[in-house]
Amino acid sequence: MVQAVQRYVGGRVLRKEDSRLLTGRGRYVDDLALAGMVWMAVVRSPYAHARIKAVDVAPARDMPGVVAALSGDDLASEWAGPLPCVWPVTEDIKMPQHWPVAKDKVRYMGDAVAVVVATSRALACDAAEAVQVEYEPLPAVTDVEAAMAEDAPLVHEDLGTNKSFTWSHGGVGDVEGTFAKAPVVVKERYWHPRLIPNAMEPRGVLVQPGLSQGDFTMWSATQIPHVAKVTLAMVTGISEAKLRVVAPEVGGGFGSKLDIYAEEALCLALARRLQRPVKWIEERSENYLATIHGRGVLQDMELAATEDGKLLAIRAKLIADMGAYFQLITPGIPMLGAWLYGGCYKADAYWFEYTGVFTNQTPTDAYRGAGRPEATYAIERAMDALARRVGKDPAEVRRMNFIPPFSEPTALVTGLQADSGDYEATLDRALELAGYDELRKEQKARLDRKDAKLLGIGISTYIENCGWAPSSLLGAIRYAGGGWDSASVRVLPTGKVEVFTGTSPHGQGHETTWSQIVADGLGIPFDDIEVFHGDTAVSPLGFDTYGSRSLAVGGVALKMATDKVVDKARKLAAHELEVAEVDLDYESGRFSVKGAPKQARSIPELAFTAWQAHNLPPGLDPNLEASATFDPPNFTFPSGAHICAVEVDTETGKVDFLKYVAVDDCGTVINPMIVDGQVQGGIAQGIAEAMYEEAIYDENGILLTSSMMNYLVPSAVEIPVATLDRTVTPSSTNSMGVKGIGEAGTIAAPPAVLNAVADALSPLGVTDLQMPVSPQRVWHAIKNATGRNGGPA
């Protein structure tokens, strides 16, 4: 009797990565050192907007240990092209060139003006302080609406305007006519403040010139080694064939490492120039200035509805803060949410547009969720406003507007075809877990007894699009990259397995989940599978990790490659057993002859004979390995319902969590433990966005929240432990039914929290609350609404 083989997919398998990461055996960029290595330090502008009159690097060159000190002009000959922006969203977009070191003008606080290279990090930093830069300060602009005024200071004079582009999508239904005739129109304005990513590991780069002329290896704390290889070859003029990019252990990214940064190009150029290894490690204070910021979007949201609360039309108009330059995909970030401002709901008409504006601030780009949190925040806050307007419970208004359950591609009002969903099921389960009816009773009781601590319940139902593809669609919206990914599976002669993936994890647990997929597909023990990633010399094909694409694209490619290995093994087994392929059963890595199960071959046995190649059928190549590339035919559409219950102290403005429930639908689940971790972590970031974090500049463009002393990053003490559950509607986009989960919590949490606070305070007349809902902001809102002394909210 054949013993059953353990099934791994769907199990709470402990992560392979954790043993080395938790015992200090992980290798990050800052752990790497090479013989002859020197350190780079960057001289950064203290001004947000100023002309560079002169840069004197001579004092730095005379300091101990200094190998080189160079200005932007000194480095100009090193560049074959500017830093890349791969998403020019309109034909008439105004795109300024962005060089690694400024030459004529600085345009944001932290803009690079010179670099110093020395034999130690300390010596490089000391010498950087000796560089003398003469600036002519200029007026700065930091407000997106003010930036579009005719008399606004111009961030880029050669463009003649701070407005870069306007992109629109709509024409679905008669938007203008529907709004004109609608009995109920809700108009809301929401400001999504700038956020500063705080990955546990700041950025870092190390470049080593090779023994062969023109060869370079770059280790970078990046999410996108494959993209970096292509784009940095274009920036530096180094042959792509001679450039190897390695992402070692990466301590978090959240989109902030989904970019091509000046420091990567600088380390490559300096290593080529000096012919010795060059290393740079970002300081946390640099991170606040030189790594991208997220969000920074002003949203005007309108809903047209019947008097009963049935949605008729949706209209969203945004002004998005681009910062001083475009980073890799800056102009396209709001477009990532362009098809989601209709949420999970039915409607007859839809319009979306956004305008990109330059300001004298750090460039913005992808930050966890990237466009999707902004969309969900707008539609979910507006749905609560609609519920108040028509006098109905917010859960009821959502339920009456949900798209009915579906398992095949179904049109959204925004124009896309969603893959599958059952939005009412997730909401019903969340309401049940939250004890929604009891919470409402308690809320009423507190109001009746005039309790100083009011209870509020916030609902957020969301839909997002992941696995951005197909590549042809990305091309149609002017994105330069593709949406495909690749994987290879190799069964070694000893029965062990090597997996090569084009995804590049930075905390997602790919070594674990990828091993689960292959273990089930090949019947190989989980611990006998090694996953290789993040090295363009080892896994040369891929589009890396971001936007919850890894499983929905890279994981599916891996499953396809695994199936190809099984198909090849079947041919070999049939040949060795002298039967037709159709006469073989396959289960748990073992082929057996139908009706004669003892006549069998296992995958390891076949891998050995394929390696020997002594008796292969005609046309079959030696070795048991296969590769596959998957370019999805559609996005995937995870969804869910989050419910937040808070207690608001009307005397102090303090908000405390009573309960947080998250019910998500990410399709087929590979590892529930990893999914739970992703959701809980995402909720933490979403709550941070809702209640604590906000990048604040003064009128001169000086970043006031320049460290963790004044930029509030919550600890575990401030974050509630969420009650988590799932529903499952398998995706129709791929054979595995998977969707994605990495950004769900960050998307759903902010509107859940804000709706809860507004729900608590609405009896006092407070509904217009903006993020973050700090105690001061809440207290002022209460005092203003109740006619007592209080400043602006």
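Start by selecting methionine 301: leaving out residues up to four places away in sequence, methionine 301 touches Val186, Lys187, Glu188, Tyr190, Ile314, Arg315, Ala316, Tyr341, Ala378, Ile379 and Ala382. Here, contact means heavy atoms within 4.5 Å.

Before you move on, a word about the model. It is predicted, so local features need pLDDT of at least 70 and side-chain atom pairs count only at pLDDT 80 or more, while totals for chains, interfaces and linings use all residues. Residues are numbered from 1 along each chain as its sequence is written, and side-chain values use heavy atoms, with hydrogens and water left out.

**The cores**

Together with Met301, they have the most contacts inside the largest nonpolar core, which has 168 residues. A nonpolar core is a set of buried Ala, Val, Leu, Ile, Met, Phe, Trp, Tyr and Cys residues joined through side-chain atoms within 4.5 Å. Buried means under 20% relative accessible area, exposed over 50%, and partly exposed in between (1.4 Å probe, protein chains only). Next, color helix α19 (residues 744-761), which gives this core its largest share, twelve residues. Helices (H or I, at least four residues) and strands (E, at least two) are DSSP runs, numbered from the N terminus.

Apart from this core lies another, of 44 residues; select some of its members, including Val13, Ala487, Leu606 and Phe630. In soluble globular proteins, nonpolar side chains tend to be buried together.

**Aspartate 676**

Go to helix α18 (residues 672-691) and pick aspartate 676. Is aspartate 676 buried or exposed? It counts as buried because its relative accessibility is 18%. Show Arg12, Leu724 and Arg726 too: aspartate 676 is in contact with them, leaving aside neighbours within four places in sequence. The side chains of aspartate 676 and arginine 726 are joined by a polar contact of 2.7 Å. Such a contact is a pair of N or O atoms within 3.5 Å; within protein, one must be able to donate a hydrogen and the other to accept it, and residues adjacent in sequence count only if both atoms are side-chain atoms.

**Arginine 429**

Helix α12 (residues 423-434) holds your next stop, arginine 429. At 28% relative accessibility, arginine 429 is partly exposed. Not counting residues up to four places away in sequence, arginine 429 touches Val663 and Asp725.

**The cysteines**

How many disulfides are there in the whole structure? A search finds zero, where a disulfide is a pair of cysteine sulfur atoms within 2.5 Å. Finish at cysteine 666, where the nearest cysteine sulfur, that of cysteine 466, is 9.8 Å away. Cysteine 666 is buried, at 4% relative accessibility.
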